[in-house]
Amino acid sequence: MRTGVWLVGARGSVATTSIVGALALRAGLTGPTGCVTELSELRGPAWPSFADLVFGGHDVAATPLAKRAEALADAGVVPARLVAALGEELAAVDDDVRPAPVGGTQADRAAAVVADLAAFRGRHGLDRVVVVNVSATEPAARPHPAHADPDALAAALAAGEEVLPPSSLYAYAAFTAGCPYVDFTPSTGARLPALAALAARHAVPYAGHDGKTGETLLKSVLAPMFAMRHLAVRSWSGTNLLGGGDGATLAQPDANAAKVASKQRVLGEILGYVPQGDTRIDYVEELGDFKTAWDLITFAGFLGTGMRLEFTWHGCDSALAAPLVLDLARITAAAHAAGRHGPLTDLAFFFKDPLGPADSGPDAGATADRAPGHALGEQWARLAAFAADLHAGAGTPPAGGAA
């Protein structure tokens, strides 16, 4: 199943690392560490192979992918040997990266995206194209009456109104072109009633929001432990330090607030209450593509005895995110091939703020009928069952069976 992966923000760190990784996997130059679709519990015939993935995308930056990859190698994000070995392949992908449409009305820009997606599909003889948003985090969208209904939205766009944030405009274009959409950011994306209804109208699936790669991943493991042992979490405070383009974007108050809100939902929903404390995100340019999180948890046990847990997480954001981008592209393509549409709630495993039934359109179908929990074990069980169902529909069960 030849599958296009159209990356919004195609020359950013996450996208470049994803492309380098996929090309290296295709060439047999690296292993699939970090790709959960290659675990025995999830592997199977429904996924497109890494060799079947074809990359393209949009970006406002003009730096060639090879140069971006070299910069990431210099920063220790990707191995320099892979960048040196994949020069021709990176140049070929670069030919399919287009300037992000600017100017004109939002309707004009959406039409340009639709045209680029159609041309990409035809140029490479693709069975389907999955649009994945890995661009910079946006502030929360301002409400607009057109967000409630696809026909009202189409009318507003036709009238030349600017009614959608960029992530939502890409979702609109993707659905119009018949393409699934994945939002790896906390931006609004497809999370508007009008876009949910549009996805249902075009029978395409979508997934999101905000890839879970660091501190929140640990919260989704540790918080269930406290809940299941009936320990009372009194406070949970975290400080996140990060550099790179994402860090620079999150230095802006509106974008920072959107990200923090996404990160904070986990504790309240797992514990059933919100402990004292907050999450801070600070930009430290020197850290580049790496990030550090420090968390302090205070809790009470039997007889009210006070205790504490502290942890430090230091990771490379792009290296943590890139395999998940590849996983999501493969799974979403398989879901589309199987006729699934609406929000893919069973992909909550990958996200800080996963989609649920409230994000469904009027005809979203069975994929949206259960609210996802935030505990990683529960999310894993749902993902494994979803994968097993897709593989069974593709002909044979997954290699290791469902977990």
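Which residues in helix 9 are buried? The legends below, drawn from a predicted model, take up this point and several others.

**View 1. Helix 9 and its buried residues.** In helix 9, the buried positions are Glu215, Thr216, Lys219, Ser220, Leu222, Ala223, Pro224 and Phe226. Helix 9 covers residues 215–228, and its 14 residues should span 20 Å at 1.5 Å a residue. The C-alpha atoms at its ends lie 20 Å apart, in agreement with that expectation.

**View 2. The loop that follows helix 9.** His230 lies in the loop between helix 9 and strand 7, just after the helix. Although His230 is not a glycine, its phi is positive, at about 55°. Most residues other than glycine have a negative phi, and most peptide bonds are trans. With a relative accessible area of 74%, over the 50% cut-off, His230 is exposed.

View 3. An open sheet is formed by 7 strands in the order 3-2-1-4-5-6-11, and their pairing is parallel. Strand 3 (97–99) and strand 11 (342–343) stand at the edges; each has a single partner strand, so one side of each lacks a neighbour in the sheet. Within the sheet, strand 1 (residues 3–8) pairs with strand 4 (residues 128–133) in the parallel sense over 6 bridges. Leu7 stands opposite Val132 of strand 4. Helix 7 (residues 166–176) packs on this sheet and touches strand 1, strand 2 (53–59), strand 4, strand 5 (181–183) and strand 6 (205–208). The direction of helix 7 makes about 160° with that of strand 5.

**View 4. The antiparallel strands 7, 9 and 10.** Strand 7 (residues 232–242) and strand 9 (residues 290–300) pair in the antiparallel sense over 10 bridges, and Leu241 stands opposite Thr292 in strand 9. Strand 9 is also joined to strand 10 (residues 306–316) by 11 bridges, and these two strands run antiparallel. Lys291 has Gly315 of strand 10 as its bridge partner, while Ala300 is partnered by Gly306. Strands 9 and 10 form a hairpin with 5 residues between them. In the turn, Leu303 has a positive phi of about 65°.

View 5. Ala203 is found in the loop between helix 8 (193–202) and strand 6. Its phi is near 55°, a positive value in a residue other than glycine. Ala203 counts as partly exposed because its relative accessibility is 38%, which falls between the cut-offs of 20% and 50%. A cis peptide bond, with omega about 5°, joins Gly208 and His209. His209 is placed in the loop between strand 6 and helix 9.

**View 6. Two buried cysteines.** Cys35 counts as buried at 7% relative accessibility, and Cys316 counts as buried at 9%. Both values are under the 20% cut-off. A disulfide is a covalent bond between the sulfur atoms of two cysteines. A search of the whole structure finds 0 disulfides.

**View 7. The chain as the setting for the close-ups.** The protein chain contains 13 helices and 11 strands. Of its 403 residues, 54% are buried. Among contacts between residues at least 6 apart in sequence, 77% join residues at least 24 apart. The accessible surface of the chain comes to about 16,000 Å², of which 57% belongs to carbon and sulfur atoms.

Conventions
Residues are numbered from 1 along each chain as its sequence is written. This is a predicted model: local features need pLDDT of at least 70, side-chain atom pairs count only at pLDDT 80 or more; totals for chains, interfaces and linings use all residues. Side-chain values use heavy atoms; hydrogens and water are left out. Helices (H or I, at least four residues) and strands (E, at least two) are DSSP runs, numbered from the N terminus. The expected span of a helix is 1.5 Å times one less than its number of residues. Buried means under 20% relative accessible area, exposed over 50%, partly exposed in between (1.4 Å probe, protein chains only). Two strands pair if DSSP finds at least two bridges between them. Contact means heavy atoms within 4.5 Å. Axes are lines fitted to C-alpha atoms, for helices over the stretch in contact, and angles run from 0 to 180 degrees between N-to-C directions. Accessible areas come from the Shrake-Rupley method with a 1.4 Å probe; for residues, only the protein chains shown count as cover. A disulfide is a pair of cysteine sulfur atoms within 2.5 Å.
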